[in-house]
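Subject: Structure for your review

Dear colleague,

I am passing on the structure we spoke of, and I would be grateful if you could look through it alongside the notes in this message.

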Amino acid sequence: MEEVVDGINRKEERAWRMLFTQFYAPLCSYSEQYIMSHEEAEDIVQETLLNIWYKDIHFDDSRHLTYYLYKAVFNNTLTRLRKSQPHANPVNGEYGIWEEEDFEVTIREEMHRRLWAAIQQLPQRRREVIMLTIEGKSLYQISQELRMAISTVKKTKACAIKELRKTTNLSPLLLLF
Amino acid sequence: MRTEQEKDIISDAIDQITSDDDLAGDGGEMLRRVREEYLHGDASRRLHHYERYDTGRAYQRFVGRIRGRHHLRIWRYVGAGAAAAAAILCVFMLPSSLWEGKYHSKMVYQQTGDSAGPALQRSSAVVRHTIPSYSNSVPQLILPSGRVLPLSQSNLQVDGFQIRMSQNSISVDEGRALDQTVQIFIPRGRQYQVTLSDGTNVWLNSETTLTFPTHFARNRSVAITGQAYFEVTHTGYPFSVTCSRGTVKVLGTSFDVCDYKGESTRITLVNGSITYATPSSTCQLHPGEQVSQSDASAEPTITSVDPRRFMAWKDGLIYFQDELLEDVMHRIERIYNVNIHYKDPALRQLMFTGECSRYHHVEDFLKLLSLTEDFGYEIHGNDITLKIKQPE
């Protein structure tokens, strides 16, 4: 991930594509929890990423990048909420500060994002099997959809989970499949 | 200015959650809560939700914006019928503001009564792209008895089920419904999104009829004439769409059906898997494939296509590639509720490729096409006459 951060700093398109793959959906989901609108959330994330592209900003490492992205999306979501509700009382004590509740929303999102990012890195077949599993499909349904034998689906899934355990530090929590 | 410490707070919290510690101390309770939720399968639901965001499309939009390339291209060349061997005659661009128009959306806010208050005030928002209507006629509901009800009110209670209308959408709630089959007809110049009682979303294009039961049991079957984009809710029971020449069967997936009278039946699969069955054959489609069938006795053929091209209409785009002007204009007639006449029949054979937003008036569209030298038009009410432009 660290070389990707370099690429992002240097505004390389390949690194930015990676940024989208790993962060776009989670950031939208994060914003949507506040703004309660799928389209608005996508707009906010798009604007946020554009701002970063045009800004002369240097991220030290992936921790810095991650922190910055959540914070920026949070702030922009807040701004958007204010704009559409000009008379709403300011609820946050201080603008752009994560209250404990917001922080909880943030880390929850980031945990899922890490798993998401790891899944995106899997080879295609494994990724497909994992994504269908997440959709709640049975081994049989997956075998139908991907036209694979059930035993192959099982094997592919096991390999995928093994790989995910290796690449994320979420291993104790990977009980979900 | 952020301190070194602050930028690490997210990662530190997650390190704690994923460790074997029992998470005592400051904020420990919250971390424990997140860990519990994660362990109890919240992750699957959340990751499934992520799939609803189209990352690829968002990235393309982003790249388009950073390169400042928000253009609209239409180029044309003269088809076999015309003598001139001219190839590409015209490539041009439009200012970005027009292009950006399709992302505009309208917001309606409703305050929620929840004062117990999380840190941020929550609100529920209804966002809809406002696709303009080019006709005053309203959709119609056709009951089994043959009775026709205009869908002009916001709420309609009919024989045990309820229809809710808003500007661009219709939703069907099953009440204590009898199992009956009803039809919704979308007139020319209009476009609607319909939510069926099992949660399936269907976008209906102009001049389209959807036939569906008010109550979905094990068997979910609907029928279509015209064009519709389906996002079928996965319930474990099959969903089928009957069109004029065959039937599409799915479990839960997204696809487009185009089956206008006098045109080929075309089904385009976006994701998942579907089968298309005619009385004489059955075929299975992969994502990105399209099956087309020109008439009932013909064999269906499968080709690879860019599915976005065939679902562009639901996002308010008009998209055509190597199409005869005649065919492009068929669509324009339906979309804008106009009638096209040709003063010079040779015009029908011109070939066009391009895309355009349907948020504009029909004249904007004609203006684009006629930027080539020998093409002019006259508009009288709903009648449009196309002609070869006379040299000045």
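The notes below take up the aromatic pairs and then the helix contacts.

Please bear in mind throughout that this is a predicted model.

Aromatic pairs

Searching the whole structure over all chains gives 17 aromatic pairs. One of these joins Trp16(A) and Phe62(B), whose ring centres lie 5.5 Å apart with the planes at 10 degrees, and since planes under 30 degrees apart count as stacked, the pair is a stacked one. This pair crosses between chains, running from helix H2 (residues 13-35) of chain A, which holds Trp16(A), to helix H4 (residues 55-66) of chain B, which holds Phe62(B). Trp16(A) counts as buried, its relative accessibility being 1%, and Phe62(B) is likewise counted as buried at 1%.

A further pair is made by Phe20(A) and Tyr59(B), with ring centres 5.1 Å apart and planes at 75 degrees, so that this pair is edge-to-face. Here too the pair crosses between chains, with Phe20(A) in helix H2 of chain A and Tyr59(B) in helix H4 of chain B. Phe20(A) has 1% relative accessibility and counts as buried, while Tyr59(B), with a relative accessible area of 6%, is buried as well.

Within chain A, one aromatic cluster is formed by Tyr30(A), Tyr34(A), Tyr67(A), Tyr70(A), Phe74(A), Trp98(A) and Phe103(A).

Helix contacts in chain A

The axes of helix H6 (residues 124-134) of chain A and helix H7 (residues 139-146) of chain A come within 10 Å and cross at roughly 135 degrees, which makes H6(A) oblique to H7(A); the crossing of H6(A) and H7(A) is right-handed. On the H6(A) side the contact involves Arg125(A), Glu128(A), Val129(A), Leu132(A) and Thr133(A), which meet Ile142(A), Glu145(A) and Leu146(A) of H7(A).

With kind regards

Technical notes: Residues are numbered from 1 along each chain as its sequence is written. Chains are lettered from A and ligands numbered from 1 in the order in which they are written. This is a predicted model: local features need pLDDT of at least 70, side-chain atom pairs count only at pLDDT 80 or more; totals for chains, interfaces and linings use all residues. Side-chain values use heavy atoms; hydrogens and water are left out. Axes are lines fitted to C-alpha atoms, for helices over the stretch in contact, and angles run from 0 to 180 degrees between N-to-C directions. Helices (H or I, at least four residues) and strands (E, at least two) are DSSP runs, numbered from the N terminus. Angles under 35 degrees count as roughly parallel, over 145 as roughly antiparallel, 65 to 115 as roughly perpendicular and the rest as oblique. A crossing is left-handed if the near helix is turned anticlockwise from the far one by less than a right angle, and right-handed if clockwise. Contact means heavy atoms within 4.5 Å. Rings of Phe, Tyr and Trp (its six-membered ring) pair if their centres lie within 6.5 Å; planes under 30 degrees apart count as stacked, over 60 as edge-to-face and the rest as tilted. Buried means under 20% relative accessible area, exposed over 50%, partly exposed in between (1.4 Å probe, protein chains only).
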